[in-house]
Amino acid sequence: MPQAHRRGAIRRLVAHTAIATAAVVVAGTVAAGEQPVARAANCAAPLVLGAQLQIADCLDDLTTAGTVDSGHTVPADWAGLHPAGARNPSGVPGMQIDGYFPDNSTTNTNHGWNHDSQFVIRLPEHWNGGLVVSGSPGNRRQYANDFVISDWVLAQGYAFAATDKGNTGSDFFRDDAAPGDAMAEWNSRVTQLTVAAQATVAQRYGRPAAHTLMAGLSNGGYLVRWQLENAPWLYDGGVDWEGTLWTDVDNPLTSLPPAIANYPNSQSDPAARDAIVAAGFAAESQPLWEYHDKTYWELTQRIYRQEFDPSYTGADAEYDYPARPQSVHDAVARIALSGRIHKPLITVHGTLDTLLPISHDSDVYAAMIRDQGRADLHRYYRVEGGNHVDGLYDTYPNLLRPMLPCFRSAFTALESCTTAGQSPPADTTLSRPAGTDPANACPLGN
């Protein structure tokens with residue numbers, strides 16, 4: 001879609017969301033089939049503009065330390081994304097609003113709603129004047145960022161809003177009429193939630209947010225990149241935690257087939273091992289290849305291929321994206337990135353990422369930003385030993401390093417940049433810090 005058309009579509013969505021006031025508001029009640037939980041009295045909720053359903057609860061603790069017990073999060077949504085030793089803040093009282101926007105797909109079964117475009121908005125009692133918006137990583141649901149992002153920013157006083165992106169699960173690609181529709185919806189749903197959350201914050205606190213930041217992991221990081229390229233007027237900046245890169249040259253459909261094809265022989269055949277390295281995967285990451293082959297590579301290749309190229313009937317290992325019909329390339333172009341960011345962006349990416357190899361992802365995206373003349377808006381931190389998700393750190397503590405504390409350091413740097421005008425540390429590769437707790441410390445520079 002041409003840039004002017006994309007902007008026009010976003011403006012129409014923003015206008016539609018801003019004027020849509022018909023919503024079913026249920027305060028202090030529970031969804032059918034759920035167990036009642038303790039709630040504070042008189043929890044008057046602001047209206048989430050455009051929501052078809054919303055439920056509000058005043059809670060003693062909005063962080064996962066409280067919401068797991070109260071039933072206001074779903075731990076399965078965020079399982080495996082953080083190291084076991086990570087310490088999170090807790091004890092943040094405030095209001096949580098759960099709900100969904102109108103949608104005709106039903107992949108998200110949270111709350112028994114069987115309805116997509118579910119969201120969560122959290123409004124702390126002690127507000128710092130800011131808002132953080134996030135989309136879910138992978139094909140997870142709206143609570144996926146609760147431990148790795150929500151807890152941290154809530155404790156610092158930010159309001160927080162997250163979306164399931166409009167479709168979830170390994171069959172997310174079924175939510176489309178044409179190739180690329182399901183992923184294009186991801187972007188529009190983040191824009192929709194941002195507009196609604198900004199209005200909700202203004203109602204709750206009596207003034208608009210002074211600054212709105214985006215943060216996301218994996219597909220959530222892609223959403224940060226896309227929003228800062230295409231809807232920058234909504235944000236003051238963002239943190240991109242190893243976002244998925246989509247261009248016509250570098251994307252998961254180009255890097256994953258060689259890994260899938262060559263892994264079976266990679267232990268015994270140097271040529272097969274070299275082919276995986278040539279596809280971008282670090283040679284040092286070889287101990288992780290078996291797990292990723294079983295868990296991620298073929299599944300990820302298949303679902304993206306079905307999203308953009310549903311007519312393909314061959315084996316995933318034989319998929320040749322450059323040779324596919326122009327219609328496939330056109331579908332990818334609908335959601336592709338350009339590097340033309342308009343607001344400050346900080347990227348963190350692990351050198352041992354074994355799903356989105358850094359040399360074919362964030363290294364490339366950083367170069368795209370430079371080519372667009374936007375390098376002054378970008379900081380890029382390559383994290384030595386970081387993998388795509390932190391759950392494997394506990395299995396490979398001598399090989400890997402958690403990314404979570406590096407994300408938090410990057411968020412703090414973005415905060416200082418957008419609110420106080422302090423320049424973040426220069427681009428660098430972050431060596432493993434000596435004498436620190438790797439699950440909770442990651443200095444960005446001297």
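**Pocket, cores and rings**

A: Let us begin with the largest pocket, bearing in mind that this is a predicted model: 21 residues line this pocket, and those nearest its centre are Gly138, Asn139, Tyr296, Thr300 and Leu355.

Q: How is such a space found, and which helix gives the most to the lining of the largest pocket?
A: Rolling a probe the size of a water molecule over the atoms shows where empty space is left. Here the largest pocket holds about 390 Å³ of space, and helix H9 (residues 289–308) contributes the most to its lining, with six residues.

Q: Which residues touch the most other members of the largest nonpolar core?
A: The general idea is that, in soluble globular proteins, nonpolar side chains tend to be buried together. In this model the largest nonpolar core has 57 residues, and Ile121, Met183, Trp246 and Phe308 are the ones that touch the most other members. Helix H5 (residues 181–205) supplies the largest share of this core, namely 10 residues.

Q: What is Trp246 in contact with, leaving aside its neighbours within four places in sequence?
A: With those neighbours left aside, the contacts of Trp246 include Met183, Tyr222, Pro252, Tyr304, Phe308 and Leu337. Trp246 also belongs to a cluster, linked by ring pairs, together with Phe172, Phe173, Trp186, Tyr304 and Phe308. Over the ring of Trp186 sits the charged end of Lys165, 4.7 Å from the ring's centre.

Q: How many aromatic pairs does the structure hold, and how should I read one of them?
A: A pair of aromatic rings is described by the distance of the centres and the angle of the planes. The structure holds 16 aromatic pairs; one of them, formed by Phe101 and Phe119, is tilted, with 4.9 Å centre to centre and 35° between the planes. Phe101 lies in the loop between strand S3 (94–100) and strand S4 (118–124), while Phe119 lies in strand S4, so the pair ties together parts that are 18 residues apart in sequence. Phe101 counts as buried because its relative accessibility is 3%, and Phe119 counts as buried at 0%.

Q: Which parts of the chain does the pair of Tyr158 and Phe411 link?
A: This pair is edge-to-face, with 5.5 Å centre to centre and 80° between the planes. Tyr158 is in the loop between helix H4 (146–155) and strand S6 (159–163), whereas Phe411 is in helix H12 (residues 404–420), so that distant parts of the chain, 253 residues apart, are linked. Tyr158 is buried, with a relative accessible area of 0%, and Phe411 also counts as buried, at 0% relative accessibility.

Definitions and conventions:
Residues numbered from 1 in each chain as written. Predicted model: local features only at pLDDT ≥ 70, side-chain atom pairs only at ≥ 80, totals over all residues. Heavy atoms only, no water. Core = buried A, V, L, I, M, F, W, Y, C linked by side-chain atoms within 4.5 Å. Buried < 20%, exposed > 50% of the residue type's maximum accessible area, 1.4 Å probe, protein only. Helix = DSSP H or I, 4+ residues; strand = E, 2+ residues; numbered from the N terminus. Contact = heavy atoms within 4.5 Å. Phe/Tyr/Trp six-rings, centres within 6.5 Å; stacked < 30°, edge-to-face > 60°. Lys NZ or Arg CZ within 6 Å of the ring centre and 35° of its normal. 1 Å grid on protein atoms, 1.4 Å probe; cavity = no way out; pocket = protein on both sides within 12 Å on 5 of 7 lines; lining within 4 Å. Points joined across faces, edges and corners; volume = space filled by probe spheres on them.
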